[in-house]
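Please look at the sequence and the three-dimensional structure shown below, and keep both in view while you read. The report that follows takes up a few residues one after another and then turns to the chain as a whole.

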Amino acid sequence: MNIEDFRAYCLSFRGVQEKMPFGKAASEYDRNLLVFSVADKWFCFVNVDVFDFCNLKCDPERIEALRDRYEGVTPGYHMNKKHWISVHFGRDVPDETIRELVRGSYDRVVASLPDKVRRTL
């Protein structure tokens with residue numbers, strides 16, 4: 001998987017927007033974070049230059065099992081560790097599993113939106 005394919009996959013979901021909100025961050029790494037959101041709620045972010053991992057929302061009951069199974073799943077970088085995971089590319093997490101986790105993160109955020117907003121997607 002590469003950044004172009006990953007970005008296209010994230011943008012394939014209904015109502016998704018992308019932005020790079022950290023242009024004034026102190027570190028170059030943080031300035032290059034691309035955030036994917038639906039209705040202004042984040043479901044994923046990734047560094048567009050390094051493309052080393054993505055952060056995803058995840059069912060808290062599933063996080064421990066994922067971390068036990070995959071070396072490439074770690075606590076969410078700079079996020080609430082109860083609800084976010086980091087999924088590292090090029091390790092032991094298959095691309096298909098990464099896509100499934102991205103989709104699950106998107107679905108989790110959409111499910112949390114008010115009905116009125118969900119109907120507009």
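Aspartate 92 lies in the loop between E6 and helix H4 (95–112), where helices (H or I, at least four residues) and strands (E, at least two) are DSSP runs numbered from the N terminus. This is a predicted model, in which local features need pLDDT of at least 70 and side-chain atom pairs count only at pLDDT 80 or more, while totals for chains, interfaces and linings use all residues. Residues are numbered from 1 along each chain as its sequence is written, and side-chain values use heavy atoms, with hydrogens and water left out.

At 35% relative accessibility, aspartate 92 counts as partly exposed, a class that falls between buried (under 20% relative accessible area) and exposed (over 50%), with a 1.4 Å probe and protein chains only. Leaving aside neighbours within four places in sequence, aspartate 92 is in contact with Arg69, Tyr70, Glu71 and Gly72, contact being defined as heavy atoms within 4.5 Å. Two of these partners are also reached through polar contacts, that is, pairs of N or O atoms within 3.5 Å, of which, within protein, one must be able to donate a hydrogen and the other to accept it, and for which residues adjacent in sequence count only if both atoms are side-chain atoms. A polar atom of the aspartate 92 side chain lies 2.8 Å from the backbone nitrogen of glutamate 71, and the side chain of aspartate 92 also reaches the backbone nitrogen of glycine 72, at 2.9 Å. Aspartate 92 and valine 102 are ten residues apart along the chain, and their C-alpha atoms are separated by 16 Å.

## Two residues of strand E4

Asparagine 55 is found in strand E4 (residues 53–57), and phenylalanine 53 is found in strand E4 as well. Why does asparagine 55 count as buried? Asparagine 55 counts as buried because its relative accessible area is 0%. The side chain of asparagine 55 is joined to that of serine 86 by a polar contact of 2.5 Å, and, apart from neighbours within four places in sequence, asparagine 55 has contacts that include Phe43, Cys44, Gly76, Trp84 and Ser86.

Phenylalanine 53, with a relative accessible area of 8%, is also buried. Not counting residues up to four places away in sequence, phenylalanine 53 touches Tyr29, Phe45, Val46, Asn47, Tyr77, Ser86, Val87, His88 and Phe89. The C-alpha atoms of phenylalanine 53 and arginine 91 are 9.8 Å apart, although 38 residues separate the two along the chain.

## Positive phi in two loops

Most residues other than glycine have a negative phi. Phenylalanine 51, in the loop between strand E3 (41–47) and E4, has a positive phi of about 45 degrees although it is not a glycine. Histidine 78, in the loop between strand E5 (73–75) and strand E6 (84–88), has a phi near 60 degrees, which is again a positive value in a residue other than glycine.

Beyond its neighbours within four places in sequence, phenylalanine 51 is in contact with Met1, Asn2, Ile3, Phe6, Val46 and Phe89.

## Lysine 19 in strand E1

Lysine 19 lies in strand E1 (residues 16–19) and, at 40% relative accessibility, counts as partly exposed. Its contacts, with neighbours within four places in sequence left aside, are Leu33, Leu34 and Val35. Lysine 19 and valine 35 are 16 residues apart along the chain, while their C-alpha atoms are separated by 5.4 Å.

## The chain as a whole

The chain has five helices and six strands, which follow the pattern α-β-α-β-β-β-α-β-β-α-α when read along the sequence. The radius of gyration is 14 Å, close to the 14 Å that the globule rule gives for 121 residues, so the chain is as compact as a globular protein of that length; this radius is taken over C-alpha atoms, and the rule is 2.2 Å times the number of residues to the power 0.38. Along its principal axes, the C-alpha trace spans about 40 × 35 × 25 Å.

Of the 121 residues, 37% count as buried. Among contacts with a separation of 6 or more, 47% are between residues 24 or more positions apart.
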